[in-house]
Amino acid sequence: MKIPDELRFTAEHEWVAEPSGGVVRVGITDFAQDALGDIVYVQLPEVGAQVTAGDSFGEVESTKSVSEIYAPLSGEITAVNQAVVDSPETINSDPYGAGWLVEIRLTDPEAVGSLLDSDGYSQLTK
Amino acid sequence: MTLLSSPLHDRHAALGAKFAAFGGWDMPLEYAGGGVLKEHAAVREEVGIFDVSHLGKARVKGAGAADFVNSCLTNDLARIGPGKAQYTLCCEDATGGVVDDIIAYLYGDDHVFLIPNAANTAEVVRRLQAAALNGLTITNEHRDFAVLAVQGPRSTELLAQLGLPTEHEYMSFETARLDDIELTVCRTGYTGEHGYELVVPSDHAGRVWDALFGAGVEARACGLGARDTLRTEMGYPLHGQDLSLDITPVQARAGWAVGWKKPGFWGREALLKEKADGPRRMLWGLVANDRGIPRAHMEVFRGDERVGEITSGTFSPTRKVGIALALLDTAAGLGEGDQVEVDVRGRRAGMTVTKPPFVTPSVK
């Protein structure tokens with residue numbers, strides 16, 4: 001199970017990339033996509049939506065189950081990956097790359113430091 | 001509760017299977033490098049092999065065995081001859097609710113082999129034993145046999161490579177040998193594709209599994225995840241969801257598996273009455289108009305009026321859309337092409353009423 005060192009993580013199996021200009025890219029982890037199985041449907045918020053850390057902002061659904069996606073941090077959605085809405089299997093094949101979900105402009109860019117690092121997340125998935 | 005496991009469990013683990021509990025058994029859900037979509041596609045387009053050893057096995061033997069089974073289960077064994085199999089139901093006598101759905105293999109007047117569902121086998125055997133006449137033996141052989149389902153357009157080619165019989169017609173079976181192993185090759189399945197189910201003594205299951213994968217026809221190991229999407233596309237009921245003690249064969253459109261003219265079978269009076277009065281609800285198919293996947297127990301609405309409940313729902317890998325089986329209230333008067341809404345976790349998803357199957361079967 002891949003857990004890239006340069007990312008931050010939540011206990012709900014989301015990943016958060018290094019902020020760039022106060023904006024972070026967010027997705028679900030390799031562990032999460034593997035546990036879900038083949039993903040066939042993704043529902044994401046609209047650009048401009050406000051999200052609150054810990055609240056559900058979307059859903060990923062596989063052939064066998066559905067999982068909510070929780071906002072790892074608070075802020076405003078600045079981009080939505082239309083490619084995964086059209087081809088949800090991209091999340092299975094490339095969860096940390098082409099399978100990203102949204103970008104969030106953080107209310108508090110420093111809050112990224114509160115998330116798990118790769119070692120911390122790795123402990124959770126054992 | 002300790003889960004039972006298949007004699008092929010180690011082979012599944014070696015293939016990187018994810019396991020799930022089903023009917024008290026720990027069975028492969030999907031395999032590493034596969035997944036529900038690839039495994040589903042393999043069966044529709046090539047050939048897939050499932051371990052379905054969790055399925056029950058029971059045997060009724062002795063003078064009058066077939067007559068006895070025919071006086072208990074719904075379908076009419078007189079419609080078939082020896083060497084043929086039949087889909088039938090074990091119903092609760094008082095209500096007509098379904099205790100289990102079963103494939104009955106008719107060997108002869110004095111010998112019937114039954115394949116019930118894993119979770120219901122003990123109960124079906126108990127009911128048959130309680131009703132049995134002197135001279136009949138009813139044995140639960142659940143763990144004595146493994147069942148391997150070889151399903152898909154290339155299943156015939158695969159079995160032919162091993163010298164196994166393939167020419168017998170749909171819903172019939174033949175006894176055969178693979179080296180020194182005696183097995184039964186049934187032209188049955190739960191996928192809607194041309195296929196076979198091999199009933200193999202448990203001790204030899206591993207050798208037969210290895211032979212199937214070594215036959216020279218590329219086959220994919222398939223788990224219960226794909227089995228569920230395949231059967232749902234066909235509208236085949238799953239006991240515990242689309243059939244149950246609360247759901248009669250009349251409601252589930254399984255009246256074709258009832259020998260209405262037989263003098264007796266469990267549930268006869270209740271079912272005849274329900275058929276005459278008209279059932280209060282009927283099983284229909286639903287196809288999602290847009291994205292959103294219906295799931296079991298979701299409620300179906302027409303405007304503000306609740307008109308039914310989904311019994312099975314999934315994403316159809318073939319049609320790439322959400323599909324469901326649902327019990328709809330007869331009073332709502334819904335029929336093919338009508339529009340309903342399904343409450344998908346608080347959102348209303350528009351769906352169209354249809355008659356299953358959702359995908360054209362090619363079992364023959």
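In the predicted model, helix 8 of chain B (residues 268-277) has the buried residues B:Arg268, B:Ala270, B:Leu271 and B:Glu274. Viewed down the helix axis, these buried residues fall within an arc of 165°, so they line one face of helix 8 of chain B. The arc is taken from the directions that run from the helix axis to the C-beta atoms. Buried means under 20% relative accessible area, exposed over 50%, and partly exposed in between (1.4 Å probe, protein chains only). Helices (H or I, at least four residues) and strands (E, at least two) are DSSP runs numbered from the N terminus. The face turned away from the buried side carries the exposed residues B:Glu269, B:Lys273, B:Ala276 and B:Asp277. The buried residues of helix 8 pack against strand 6 (84-91) of chain B, where contact means heavy atoms within 4.5 Å. B:Gly278, with a positive phi near 95°, follows helix 8 of chain B.

Chain B is divided into domain 1 (4-52 + 143-233), domain 2 (58-140) and domain 3 (280-356), with bounds from an automatic or database domain assignment. The centres of domains 1 and 3 of chain B, taken over C-alpha atoms, are 31 Å apart. In contact are 7 residues of domain 1 and 9 residues of domain 3 of chain B.

Residues are numbered from 1 along each chain as its sequence is written, and chains are lettered from A and ligands numbered from 1 in the order in which they are written. Local features need pLDDT of at least 70, side-chain atom pairs count only at pLDDT 80 or more, and totals for chains, interfaces and linings use all residues, while side-chain values use heavy atoms, leaving out hydrogens and water.
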